[in-house]
Amino acid sequence: MKGIVVFDTSYGNTKAIAEAISQGLKESGIEVDLFYVKDVKKLNGGDYDFLVLGSPTKFGTMSFTFKRFLGKVKSKEWANKPFAAFDTENPENIEQSQAENKEWSAAEKIAEKLVEKQMKPLAPVLKAIVFGQKGPLKEGEIDRAKDYAKELAIKLKKA
Ligand SMILES: Cc1cc2nc3c(=O)[nH]c(=O)nc-3n(C[C@H](O)[C@H](O)[C@H](O)COP(=O)(O)O)c2cc1C
């Protein structure tokens, strides 16, 4: 069982969440590669059993770089494989999504695209709270990301 975690980041907060997820999976005995989105030249589905993707929320969706990267996820290679998605977003964004009953989260948009590619969600998305544009992350979010990874590991082992 081997997976790949890919993240975008401008100020390092989404990177920190990606690292925590990667570490949580490894601590649960699951092999993962961790990549900054711009370092992924080719995404070969044949090399991996699952995908974990995360982006900062920008204007209520994923970053432009991440949107472009999703073009590398080919349905032919990834259909029926499990995925998880995460993002960083401001608390006001979560309140707005709830008030409008509409998704303004990068992770939800990523999940939507992966489901269109016939991939299977392992778990609800993880929305990590960040304050302002540069951060910091809300206290406890790194631990929450590690716990999320441990839940993913349990589900991966059952899958
Ligand atoms: C141009 C821009 C647009 C943003 N739009 C949103 C937004 O719509 N909702 C939100 O919650 N945060 C928004 N943010 C804050 C980002 O979510 C925050 O900068 C990011 O989560 C930090 O992650 P990073 O350190 O990995 O870049 C925006 C930030 C920038 C720079």
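This is a predicted model: local features need pLDDT of at least 70, side-chain atom pairs count only at pLDDT 80 or more; totals for chains, interfaces and linings use all residues.
1. Ligand shell. There are 19 residues around the ligand, and those that come nearest are Y11, N13, T14, T88 and N93. Two elements, helix 1 (13-27) and strand 4 (82-89), each give two or more residues to this shell. Helix 1 has the largest share, with three residues.

2. Sorted by class, the residues around the ligand are 12 polar, four nonpolar and three charged.

3. Nonpolar core. The largest nonpolar core holds 43 residues, of which I21, F83, A85 and F86 touch the most other members. At least two residues each come from strand 1 (2-7), helix 1, strand 3 (50-56), helix 2 (64-70), strand 4, helix 5 (106-116), strand 6 (126-129) and helix 6 (141-158). Helix 1 supplies the largest share of this core, six residues. In soluble globular proteins, nonpolar side chains tend to be buried together.

4. A107, I110, A111 and L114 are among the buried residues of helix 5.

5. Helix 5. The buried residues in this helix also include A106, E108 and K109. After helix 5 comes Q118, which has a positive phi, near 70°.

Note on methods:
Residues are numbered from 1 along each chain as its sequence is written. A residue is near a molecule or strand if its C-beta atom, placed from the backbone, lies within 6 Å of it. Helices (H or I, at least four residues) and strands (E, at least two) are DSSP runs, numbered from the N terminus. Ala, Val, Leu, Ile, Met, Phe, Trp, Tyr, Cys and Pro count as nonpolar, Asp, Glu, Lys and Arg as charged, and the others, Gly among them, as polar. A nonpolar core is a set of buried Ala, Val, Leu, Ile, Met, Phe, Trp, Tyr and Cys residues joined through C-beta atoms within 7 Å. A residue is buried if 20 or more other C-beta atoms lie within 10 Å of its own, exposed if 12 or fewer, and partly exposed in between; C-beta atoms are placed from the backbone.
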